[in-house]
Every structure is written in C-alpha cells, then in structure tokens.
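Please read each point against the structure.

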Amino acid sequence: MSKYEERWARTEAFRHDRFGMFIHWGLYAIPARGEWVRSHERISVEDYEQFFEEFDPYKYDPKAWARLAREAGMKYAVMTTKHHDGFCLFDSAYTDYKATNTKAGRDLIREYVEAFRAEGLKVGFYYSLLDWHHPDYPHYGDRQHPMRDNPAYKNDGRNFDNYLTYMHNQVRELLTNYGKIDIMWFDFSYQDEYNDMRGETWKATELVNMVRELQPGIILDNRLGGDGAEQTSGDDEPVYAGDFKSPEQTVPAEGLLDDMGRDVAWEACMTLNDHWGYCSADKNYKSAKTVIRMLTECVSKGGNLLLNVGPNAKGEIPRESVEILRQVGRWMDDNGESIYGCGKADVPKPEWGRYTKKGDTYYAHVYDTSTSVLRFDVGREVEKVRLVSDASELVKMRPWNAEHNKKGLVHDVFVDLQNVTLPDEIDTVIKLKVK
C-alpha cells in the first residue's frame with residue numbers, strides 16, 4: 001500500500017465526520033487579548049506570572065462543552081494541551097508550569113477527554129511546538145518569541161536539544177496517559193531569514209514514529225513540516241507530512257489535491273470571531289448562516305470544518321458562541337445527512353448554492369433563487385426529489401422551455417417550490433436520488 005493509500009485509509013472516519021470543535025484556552029484568557037498577547041506585547045515570563053497565580057476557572061464544565069459540541073452537530077474536538085506560552089492544561093511530570101499547580105488544582109485535559117468521550121465524540125490534542133516559557137527554547141532573534149528583540153535575553157547557554165527532549169516527553173505523556181486519542185494537532189513550523197523551524201528541527205521523524213507506535217490509529221495534521229495548505233501529499237513525502245492539510249482562516253478555492261491530482265484529506269480551521277483565544281473586546285462573531293454555509297462550502301470541496309471557541313478565564317464558552325452553535329445545531333439536526341459522509345459532487349458549482357454528494361445521492365444546498373422553479377443538472381437521471389428537513393416529496397416538472405429546448409436538457413430536473421421564498425433562508429437542502 002502506498003503512502004497515499006495509507007493516509008486515505010487512516011482518514012476515512014475523519015472525512016466522514018466533517019465537523020469539529022477547536023478549543024483554544026489557557027492563561028491568556030485572563031488578559032483577554034488573544035492567545036498571542038505575550039508575543040504581541042513583549043511580555044516577559046516574570047510579568048506574565050501574575051496570570052499563572054490568578055488562574056482559577058471555577059466554572060469549567062467540560063461536560064457542558066461536550067454537550068454543546070454534540071448538539072451543534074460536531075463529531076470531534078481538538079483542545080489546546082499547551083499553547084505557545086508554554087502553560088500546560090495537563091498534569092505533566094516534566095514541568096511545574098501546569099494547571100495542577102494553579103488554583104484550578106486539577107488536570108483539565110483529563111476532564112476534557114472523559115467528558116467528550118462520554119458524549120460519543122472523538123478526541124484530539126493540540127500541542128504547540130513553540131514554547132515561550134521553556135528556558136532552552138530560543139529567545140533572542142526568534143521571529144515569535146516575546147523577548148525576540150531584547151538583548152538581555154541572548155541565547156548563549158541555551159540548549160535546544162534539552163527543549164526537544166522535553167517536548168517529545170510531553171507528547172509521549174499525552175499519548176500514553178489518556179487512553180485512545182484520535183487526532184494529534186501540532187502547531188506550528190516556520191522559516192525566515194534567521195531560523196528554519198520545520199521538520200527535522202523538531203526531530204520530526206523520530207517524533208512521528210513515536211506517535212504512531214503509541215497510537216497506531218491516530219491521524220496527524222501537516223504542521224510539523226509547515227503551516228500552509230500549499231504542501232502536497234506525494235508518495236515521496238516524509239513521514240511527518242501528516243495525514244491531512246490544515247488551511248487556516250480560509251477555505252481553498254477548489255479543495256486540495258496532491259501533486260498527482262488526487263484528493264487529499266483537509267480541514268479548514270476557522271475562528272468564530274477574529275481571535276482563537278478569548279478576547280473580551282472582539283464581538284465580531286460570524287452568524288450561524290455564515291458558519292453553515294462555510295461548513296457546506298468545505299464539504300462541497302471534500303474538506304472538513306474545525307470551528308474554534310475561546311473560553312474565558314472562568315472556564316465558560318462565551319454566550320455569543322453558545323447561541324451561534326445552538327442555531328447551527330438546529331440546522332444540522334434537520335440537514336446533517338447532507339454533511340456527514342458527503343463530499344465533492346463532481347458537477348459544476350450552481351449559481352444558486354452548492355452540491356454535496358454521498359453515493360448515488362446528490363444534495364442541493366440552495367441559498368437563494370429568483371424564481372420558485374429550480375433547475376438541477378447532475379448529469380444523471382434523477383429518480384426522487386425530497387426536502388431533507390422533513391423528508392417531504394418535491395414533485396418533478398417539465399416547464400415548456402425544457403420540452404421545446406433543442407438540446408433536450410435530458411438529465412435536468414425542475415422543481416416548483418410553490419413560493420419564491422425558500423423554506424430555509426440559510427440553506428434549503430434538497431435530496432436528489434439518481435437511478
């Protein structure tokens with residue numbers, strides 16, 4: 001079996017589930033200016049320590065988070081175990097900089113794993129390759145580090161191999177102490193004129209071989225080698241190339257293919273507002289309509305959507321996020337069959353919306369129409385037409401222009417909805433069963 005075939009087989013369940021929850025949470029929820037606050041504001045370890053001393057998420061209820069994810073129609077979740085600031089939400093034996101040493105006093109990742117498993121959701125871990133707290137991680141001159149331009153933090157005496165040992169040991173902990181883990185989401189690699197923080201800089205082959213040994217069924221993102229969707233998935237790629245691509249804050253124009261023109265698994269990771277970590281001033285939330293159409297867009301191009309929430313310092317998912325996800329969940333409850341297990345329809349993008357496809361069934365996602373009569377052309381004879389939300393029949397018709405068109409419009413199907421106003425103004429889904 002080729003590397004491509006192995007990756008395609010490993011991602012089968014992932015490609016079926018299509019919709020997941022990303023969770024960015026940590027000490028940065030207290031300053032509430034996003035997860036990059038230390039870097040953007042050049043905050044030293046000493047000045048950041050106040051948030052470690054203060055961290056007390058007394059309202060943290062991962063069961064409520066998991067229930068919300070399930071009710072939104074999500075099938076899996078990925079949560080930050082350690083972000084760039086180095087703070088660990090899990091009980092690591094290799095650092096004191098962890099949730100068990102804060103007022104929280106417990107392993108917050110263990111509770112997340114147990115709660116999401118109990119709701120029947122697959123469980124993933126995010127782990128940052130960067131670490132702005134570890135003394136042996138490069139400080140001065142690094143593109144991202146908060147002390148990157150502070151000469152008092154020169155790198156003399158820092159041993160990067162010590163950090164790599166620490167990082168590998170923590171990944172071993174995560175994949176040993178919490179049972180079966182479905183997704184490992186590394187973040188992130190980069191290259192600039194001063195540093196090449198990609199691939200074997202992280203001892204990536206060794207790391208991935210360990211991951212595969214500990215969790216044979218796990219799938220990995222592509223960010224050990226880089227953080228862009230531009231990478232290919234050819235059979236000659238290294239073992240750390242990952243099982244799926246991870247475009248960020250964008251949906252690829254045509255989906256993603258490898259260098260041989262074959263489909264690859266991919267997942268667009270998107271924020272609900274403009275930040276990953278909690279930002280109290282950011283009220284620029286996407287609507288449920290935007291989220292639903294974004295999810296449909298991903299699936300219509302063969303991809304997944306990983307939608308982020310950023311809980312606050314108390315441990316609550318913001319109310320705005322909760323309400324949006326509940327609205328999405330109501331749509332998914334009616335129309336989820338057009339998302340789960342679906343993918344590209346291999347027909348041209350229609351002017352009124354999108355198509356998704358599963359086996360011999362096409363799903364027409366209708367966003368808007370100027371007339372009550374809709375035309376569908378999937379290149380095959382359609383046997384039945386049904387409204388997905390309530391499984392009601394939609395009667396096929398042949399308008400005069402179709403009967404008299406010299407081209408015949410052989411496979412075209414026309415449906416009169418009896419009203420120019422669509423049954424669902426966000427996304428009316430019509431099921432087309434072909435012979």
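The points below go through strands, helices, a lysine and the nonpolar cores in turn.

1. Please keep in mind throughout that this is a predicted model, and that residues are numbered from 1 along each chain as its sequence is written.

2. I would begin with strand β4, residues 183-187. Five of its five residues are buried, so β4 is largely enclosed by the rest of the structure. The side chains divide between two directions, with I183, W185 and D187 pointing one way from the strand and M184 and F186 pointing the other way. Note that D187 is among the buried residues of this strand.

3. Which strands pair with β4, and in what sense? Strand β3, which spans residues 122-128, runs parallel to β4 and is joined to it by five bridges, with Y127 of β3 having F186 as its bridge partner in β4. Strand β7 also runs parallel to β4, here through two bridges, and the partner of M184 in β7 is L220.

4. Helix α8, covering residues 204-214, has A204, L207, V208, M210, V211 and R212 buried. The cover over these buried residues includes the helices α1 (3-10) and α7 (160-174), together with the strands β4 and β7 (219-220).

5. The side chain of K82 makes a polar contact of 3.1 Å with the side chain of D131, and a polar atom of the K82 side chain lies 3.3 Å from the backbone oxygen of L130. Leaving aside neighbours within four places in sequence, K82 is in contact with residues including F87, C88, Y126, Y127, S128, Y163 and Q170.

6. The largest nonpolar core has 103 residues, and those with the most contacts inside it are W25, Y112, F116, F125, F186 and L307. Helix α9 (residues 288-300) supplies the largest share of this core, namely seven residues. A second, separate core of 20 residues includes Y355, L374, F376 and L387. As background, nonpolar side chains tend to be buried together in soluble globular proteins. Returning to W25, its contacts beyond four places in sequence include F55, P57, Y60, W65, M79, L89, L108 and P311.

7. Strand β17 (residues 428-434) has five of its seven residues buried, so it is largely enclosed by the rest of the structure. Strand β11 (residues 361-366) pairs with β17 in the antiparallel sense over six bridges, and A364 has I430 as its bridge partner. Strand β13 (residues 382-387) likewise pairs with β17 in the antiparallel sense, over five bridges, with V382 partnered by V434.

8. Finally, three strands form an open, antiparallel sheet in the order β12-β16-β15. Its edge strands, each pairing on one side only, are β12 (373-376) and β15 (396-397). Strands β15 and β16 (residues 413-416) run antiparallel and are joined by two bridges, and the partner of K396 in β16 is V415.

Note on methods
This is a predicted model: local features need pLDDT of at least 70, side-chain atom pairs count only at pLDDT 80 or more; totals for chains, interfaces and linings use all residues. Side-chain values use heavy atoms; hydrogens and water are left out. Two strands pair if DSSP finds at least two bridges between them. Helices (H or I, at least four residues) and strands (E, at least two) are DSSP runs, numbered from the N terminus. Buried means under 20% relative accessible area, exposed over 50%, partly exposed in between (1.4 Å probe, protein chains only). Contact means heavy atoms within 4.5 Å. A polar contact is a pair of N or O atoms within 3.5 Å; within protein, one must be able to donate a hydrogen and the other to accept it, and residues adjacent in sequence count only if both atoms are side-chain atoms. A nonpolar core is a set of buried Ala, Val, Leu, Ile, Met, Phe, Trp, Tyr and Cys residues joined through side-chain atoms within 4.5 Å.
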